[in-house]
Amino acid sequence: EQGYLTTLKDNETIINGPVTVICTGNTPLNMVGPVANRDYFFDAHLESLNDTQYADVTSLISPIASTNFEEVFGKVASDTDPVLTEEQLSVLRAQIATAKSRGIGVRYWNTPYYPIRLRNEIWRTLLREGVTLLNADDLDAVAEFF
């Protein structure tokens, strides 16, 4: 009623509010996608956006797609720039391109948090490559980062 929530009207118009509810985890896509008027959205599986089950997913359904950083890239040990190998960067760029082609933002969770130099290099790389939402558990650290 106060207009705080981002809403979807008639399955075609997003009205942005300061709060966007994105259902994560095992939220069933069929409980979100077909609902034409809603104030909640789906967190698509970034690594699976090319699968047929997600063929119709756009930003109207999923403003953010996310995945587990460590499952995609493995344990990253080097804290020098570039922190990711060319092969890892290729995967990162492909996932970002797929999401962005549908107007969907990108988020990686379970990024390294220690050592701090490694965490910061990962954050720099993700932001430089076009990640939309930086996932961080340490709010003080991310505030200092910027």
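Q88 sits in helix α2, which covers residues 86–100. This is a predicted model, so please read the distances below as computed values. Is Q88 buried or exposed? Its relative accessibility is 17%, and because buried means under 20%, Q88 counts as buried.

What does the side chain of Q88 meet there? One of its polar atoms lies 2.8 Å from the backbone oxygen of F73. Setting aside neighbours within four places in sequence, Q88 is in contact with F73, V76 and V83.

Now for the helix as a whole. α2 has 15 residues and spans 21 Å from its first C-alpha to its last, close to the 21 Å expected at 1.5 Å a residue. Its buried residues are Q88, L89, L92, Q95, I96, T98 and A99. An α-helix has 3.6 residues a turn, so residues three or four places apart point the same way.

| Element | Residues |
|---|---|
| β5 | 64–68 |
| α1 | 69–73 |
| β6 | 105–109 |
| α3 | 116–129 |

The whole structure holds 6 aromatic pairs. Among them is F69 with Y108, an edge-to-face pair with 6.2 Å between centres and 90° between the planes. This pair links distant parts of the chain, with F69 in helix α1 and Y108 in strand β6, 39 residues apart. Both F69 and Y108 are buried.

Methods: Residues numbered from 1 in each chain as written. Predicted model: local features only at pLDDT ≥ 70, side-chain atom pairs only at ≥ 80, totals over all residues. Heavy atoms only, no water. Helix = DSSP H or I, 4+ residues; strand = E, 2+ residues; numbered from the N terminus. Buried < 20%, exposed > 50% of the residue type's maximum accessible area, 1.4 Å probe, protein only. Polar contact = N/O pair within 3.5 Å; in protein donor to acceptor, adjacent residues only side chain to side chain. Contact = heavy atoms within 4.5 Å. Expected span 1.5 Å × (residues − 1). Phe/Tyr/Trp six-rings, centres within 6.5 Å; stacked < 30°, edge-to-face > 60°.
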